[in-house]
Amino acid sequence: MPKKILVLNGPNLNMLGSREPSVYGHKTLADVNAAIQARAAELGVEADCRQSNSEGELVTWIQQARGPGPEAADAIIINAGAYSHTSVAILDALRAAELPVYEVHLSNIYQRESFRHHSYISAAAVAVICGLGPDGYLYALTAAAKAAG
Ligand code: DQA
């Protein structure tokens, strides 16, 4: 069985490509997910890419990733969008999942408004990648696959 990496994107990331392209670039979420799938195939892992604008849905998916069951995963990559800066619920779910967590942000959150400088997710993350655009997911996937290997 290939290792399964759950790749979660949070609110407004479905708008990639048209949303503030000067900050987030011109690639759509479909483009980003296609690049993730290509890298996953090279690495011999399965990437399960999902996006939700709902905090509760993200929490449910993280809970399911813990397993047991068909949704069980070996690692989680997450860009929780604005929930990164607000959501104790997602932090608690990530801690409860007891899985390696890789936090990704397309933009360099530390160069932006001060309210973006703190991420609740980081307290549960093995590593945080920010400012590398969509490549950040690929670096995270490479690290997650290596650790899960
Ligand atoms: C983001 C940064 C967050 O501050 C913002 O709310 C997002 C996207 C990023 O990928 O750079 O929605 O997580």
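Contact here means heavy atoms within 4.5 Å. The structure is a predicted model, in which local features need pLDDT of at least 70 and side-chain atom pairs count only at pLDDT 80 or more, while totals for chains, interfaces and linings use all residues. Residues are numbered from 1 along each chain as its sequence is written, and side-chain values use heavy atoms, with hydrogens and water left out. Helices (H or I, at least four residues) and strands (E, at least two) are DSSP runs, numbered from the N terminus. Buried means under 20% relative accessible area, exposed means over 50%, and partly exposed lies in between (1.4 Å probe, protein chains only).

- His105 belongs to strand 4, residues 101–105.
- With 5% relative accessibility, His105 counts as buried.
- Apart from neighbours within four places in sequence, His105 is in contact with Asn79, Ser84, Ser119, Ile129, Cys130, Gly131 and Leu132.
- The side chains of His105 and Glu103 are joined by a polar contact of 2.6 Å. A polar contact is a pair of N or O atoms within 3.5 Å; within protein, one must be able to donate a hydrogen and the other to accept it, and residues adjacent in sequence count only if both atoms are side-chain atoms.

**The ligand**

- The residues around the ligand (a heavy atom within 4 Å of it) are Arg19, Tyr24, Asn79, Gly81, Ala82, His85, His105, Leu106, Ser107, Ile109, Arg112 and Arg116.
- A polar side-chain atom of Ser107 is 2.6 Å from an oxygen atom of the ligand.
- In the side chain of Arg116, an N or O atom lies 2.9 Å from an oxygen atom of the ligand.
- A polar backbone atom of Ala82 is 3.1 Å from an oxygen atom of the ligand.
- On its own the ligand has 320 Å² of accessible area, and the protein covers 99% of this. Accessible areas come from the Shrake-Rupley method with a 1.4 Å probe; for residues, only the protein chains shown count as cover.
- Ser107 sits in the loop between strand 4 and strand 5, and Ser107 is buried, with a relative accessible area of 9%.
- Leaving aside neighbours within four places in sequence, Ser107 is in contact with Val23, Tyr24, Arg112, Cys130 and Gly131.

**Helix 2**

- Helix 2 runs over residues 29–43; at 1.5 Å a residue, its 15 residues should span 21 Å, and its end C-alpha atoms are 21 Å apart, which agrees. The expected span of a helix is 1.5 Å times one less than its number of residues.
- Leu29, Val32, Asn33, Ile36 and Ala40 are the buried residues of helix 2. They cover an arc of only 95° around the axis, which puts them on the same side of helix 2; the arc is that of the directions from the helix axis to the C-beta atoms.
- An α-helix has 3.6 residues a turn, so residues three or four places apart point the same way.
- Ala30, Ala41 and Glu42 are exposed on the other side of helix 2.
- The cover over the buried residues of helix 2 includes strand 1 (4–9), strand 2 (46–51) and helix 5 (135–148).
- Gln37 is in helix 2 and is partly exposed, with a relative accessible area of 37%.
- Beyond its neighbours within four places in sequence, Gln37 is in contact with Ala47 and Cys49.
- Just after helix 2, Gly44 has a positive phi of about 75°.

**Helix 5**

- The 14 residues of helix 5 should span 20 Å at 1.5 Å a residue, and its end C-alpha atoms are 20 Å apart, which agrees.
- The buried residues of helix 5 are Gly136, Tyr137, Leu138, Ala140, Leu141, Ala144, Ala145 and Ala148.
- Strand 1, helix 2, strand 3, strand 4 and strand 5 (127–130) are among the elements that cover the buried residues of helix 5.

**Backbone exceptions in loops**

- Most residues other than glycine have a negative phi, and most peptide bonds are trans.
- Glu20 is not a glycine, yet has a positive phi of about 35°. Glu20 is in the loop between strand 1 and helix 1 (21–24) and is partly exposed, with a relative accessible area of 42%.
- Glu98 also is not a glycine, and its phi is positive, near 55°. Glu98 is in the loop between helix 4 (88–97) and strand 4 and is exposed, with a relative accessible area of 62%.
- The peptide bond from Gly67 to Pro68 is cis, with omega near -5°. Pro68 is in the loop between helix 3 (55–65) and strand 3 (75–79).
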